[in-house]
Amino acid sequence: NSYKIMNAILNSRRQLTHQITMLFEEVLDKSASLLMRIQLDYNMQIAKQDVSFINRLENLKKIASIL
């Protein structure tokens, strides 16, 4: 149901999708593109906190510097 979806999004248990943001745009008169950028910013912040991913990035930097 809609309440469960909204609750999951607000509690960071579910990501916004393009379809959901388009629905929000119609109901809330907020740009779907803006909402998707907010989701992207959130995803980037979470990625920056992922130690395993950061280690992969560091390894990639080392490999790229050799080339």
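Visitor: At 47% relative accessibility, what does Ser12 count as?

Guide: Ser12 counts as partly exposed at 47% relative accessibility, because that label covers values between the 20% limit for buried and the 50% limit for exposed. Bear in mind that this is a predicted model. Ser12 sits in the loop between H1 and H2.

Visitor: What is the phi of Ser12?

Guide: The phi of Ser12 is positive, about 60 degrees, although Ser12 is not a glycine. There is a second case: Asp29, also not a glycine, has a positive phi near 55 degrees.

Visitor: Where is Asp29 found, and is Asp29 buried or exposed?

Guide: The loop between H2 and H3 holds Asp29. With 69% relative accessibility, Asp29 is exposed, because the cut-off for that label is over 50%.

Visitor: Take Thr21 next. Is Thr21 buried or exposed?

Guide: Thr21 is buried, with a relative accessible area of 1%. Thr21 lies in helix H2. Apart from neighbours within four places in sequence, its contacts are Leu16, Ala32, Leu35 and Met36.

Visitor: And Ile5: which residues is Ile5 in contact with, leaving aside neighbours within four places in sequence?

Guide: Ile5 is in contact with Arg14 and Ile20 once those neighbours are set aside. Ile5 and Ile20 are 15 residues apart in sequence, and their C-alpha atoms are 9.4 Å apart in space. Ile5 belongs to helix H1, residues 2-10. Its relative accessibility is 31%, so Ile5 counts as partly exposed.

Visitor: How does one look for a pocket?

Guide: Rolling a probe the size of a water molecule over the atoms shows where empty space is left. In this model the largest pocket holds about 280 Å³ of space. The lining of the largest pocket has 14 residues, and the closest to its centre are Ile9, Leu10, Arg14, Leu16 and Gln39.

Visitor: Which helices supply at least two residues each of the lining of the largest pocket?

Guide: H1, helix H2 (18-28) and helix H3 (32-48) each do. H3 gives the largest share of that lining, with four residues.

Visitor: What is the idea behind a salt bridge?

Guide: Side chains of opposite charge can pair when their charged atoms come close. A search of the whole structure finds one salt bridge. Glu58 forms a salt bridge with Lys61, and the closest N and O atoms are 3.5 Å apart. That pair qualifies because the cut-off is 4 Å.

Visitor: Where do Glu58 and Lys61 lie?

Guide: Both lie in helix H4, three residues apart, which is about one turn of the helix. Glu58 is partly exposed at 36% relative accessibility, whereas Lys61 is exposed at 53%.

Visitor: Last topic, the surface. Which residues form a nonpolar patch there?

Guide: Phe53, Leu57 and Leu60 form a nonpolar patch on the surface, and together they have about 250 Å² of accessible area. Leu57 is in helix H4, residues 51-66. Leu57 has a relative accessible area of 33%, so Leu57 is partly exposed.

Technical notes. Residues are numbered from 1 along each chain as its sequence is written. This is a predicted model: local features need pLDDT of at least 70, side-chain atom pairs count only at pLDDT 80 or more; totals for chains, interfaces and linings use all residues. Side-chain values use heavy atoms; hydrogens and water are left out. Patches are made of residues with over 30% relative accessible area and no salt bridge: like charges are joined within 9 Å, nonpolar side chains (Val, Leu, Ile, Met, Phe, Trp, Tyr) within 5 Å. Accessible areas come from the Shrake-Rupley method with a 1.4 Å probe; for residues, only the protein chains shown count as cover. A salt bridge is a side-chain nitrogen of Lys or Arg within 4 Å of a carboxyl oxygen of Asp or Glu. Buried means under 20% relative accessible area, exposed over 50%, partly exposed in between (1.4 Å probe, protein chains only). Contact means heavy atoms within 4.5 Å. On a 1 Å grid over the protein atoms alone, a cavity is a set of points where a 1.4 Å probe fits but cannot get out, and a pocket is an open set with protein on both sides within 12 Å along at least five of seven lines; lining residues have an atom within 4 Å of a point. Grid points are joined across faces, edges and corners, and a volume is the space filled by probe spheres set on the points.
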